[in-house]
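Dear colleague,

Please find below the structure for your review. My findings follow directly after it.

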Amino acid sequence: MSRTDDVVDSIKRMILDGVLRPGDRLPVEKDLAESLGVSRGALREGVSALSILGIVSTRQGDGTYVTNLDATQLLAPMGFVVDLHGQGDPRHVYTVRRLLESDAARLAATGITDEALCQARALLAESARIVGQAPHDHERLIEIDIAFHRIIAANTGNPVMIGLIEAFARRTVRGRLWRSLHEEGADRRTHDEHVAILAALAARDPERARIRMANHLIGVEESLHRLPDDDAPSGPVADCSVVD
């Protein structure tokens with residue numbers, strides 16, 4: 001291991017042991033380098049690596065602080081794994097997404113708030129208006145799709161699952177958009193499936209919510225099998241995130 005690796009591992013251990021907590025300021029560079037037994041150059045490289053990982057952040061003229069260690073931010077590098085494997089066969093990515101989000105729906109059914117249900121209903125009311133128009137606003141439908149799934153993930157009570165779902169959601173936009181543009185009736189089916197998922201969540205029925213979500217995402221996976229190889233969605237796509 002390099003001295004930089006030593007710095008990274010040592011500071012991680014300090015966080016895990018509770019020596020450093022979210023929001024804490026790291027000791028000044030000179031003191032921290034001495035306590036870790038490394039040069040100040042190695043310390044800077046280690047802190048830079050931790051910054052890239054979202055574990056610490058440096059404030060100009062103020063020092064370096066432990067971040068809030070939000071799981072979504074810490075799991076962001078997972079997006080590269082998704083991109084890498086999506087280039088080979090994006091269907092593998094969608095399969096993992098289905099497993100994650102089906103269980104997310106099951107978990108959310110027991111803890112989703114009334115406010116979240118109202119937000120989801122408002123989104124689906126908007127999508128109902130759009131699918132009743134011609135032509136459809138496909139990009140807005142994708143935004144609604146992402147926001148709907150994000151509400152479910154946010155109500156699982158599992159920050160790690162939320163972070164993983166977010167990493168996958170950002171990498172599956174192209175496939176969802178392709179389906180919206182090229183499959184006749186896909187937008188209406190997606191809307192109706194979302195309505196069924198919401199009904200299961202509102203009924204606080206975990207198993208029905210899981211099944212409804214699985215059926216919805218299986219339809220997305222099956223549409224990928226009908227794509228010509230040259231048109232198969234893969235690799236990174238534009239961020240179609242919506243403001244929560």
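In this predicted model, Glu166 is in contact with Thr72 and Arg150, leaving aside its neighbours within four places in sequence. Glu166 lies in helix α9, which spans residues 159-169. Because its relative accessibility is 13%, below the 20% cut-off, Glu166 counts as buried.

I turn next to the nonpolar cores. The largest of them has 24 residues, and the members that touch the most others are Phe148, Ile152 and Leu201. At least two residues of this core are supplied by each of α6 (90-111), α7 (114-131), α8 (138-154), α11 (186-202) and α12 (206-225). The largest share, 7 residues, comes from α7. Not counting residues up to four places away in sequence, Ile152 touches Ala104, Ala105, Ala108, Ile197, Leu201 and Met213. There is also a second, separate core of 17 residues, which includes Val7, Ala42, Leu43 and Val56.

The packing of α8 against α11 was examined as well. Their axes are 12 Å apart and form an angle of about 20 degrees. As this angle is under 35 degrees, α8 is therefore roughly parallel to α11. The crossing of α8 past α11 is left-handed. On the α8 side, the contact involves His138, Leu141, Asp145, Phe148, His149 and Ile152, which meet Asp187, Thr190, His194, Ile197, Leu198 and Leu201 in α11. Sorted by class, the residues of this contact are 6 nonpolar, 4 polar and 2 charged.

Yours sincerely

Note on methods
Residues are numbered from 1 along each chain as its sequence is written. This is a predicted model: local features need pLDDT of at least 70, side-chain atom pairs count only at pLDDT 80 or more; totals for chains, interfaces and linings use all residues. Side-chain values use heavy atoms; hydrogens and water are left out. Helices (H or I, at least four residues) and strands (E, at least two) are DSSP runs, numbered from the N terminus. Buried means under 20% relative accessible area, exposed over 50%, partly exposed in between (1.4 Å probe, protein chains only). Contact means heavy atoms within 4.5 Å. A nonpolar core is a set of buried Ala, Val, Leu, Ile, Met, Phe, Trp, Tyr and Cys residues joined through side-chain atoms within 4.5 Å. Axes are lines fitted to C-alpha atoms, for helices over the stretch in contact, and angles run from 0 to 180 degrees between N-to-C directions. Angles under 35 degrees count as roughly parallel, over 145 as roughly antiparallel, 65 to 115 as roughly perpendicular and the rest as oblique. A crossing is left-handed if the near helix is turned anticlockwise from the far one by less than a right angle, and right-handed if clockwise. Ala, Val, Leu, Ile, Met, Phe, Trp, Tyr, Cys and Pro count as nonpolar, Asp, Glu, Lys and Arg as charged, and the others, Gly among them, as polar.
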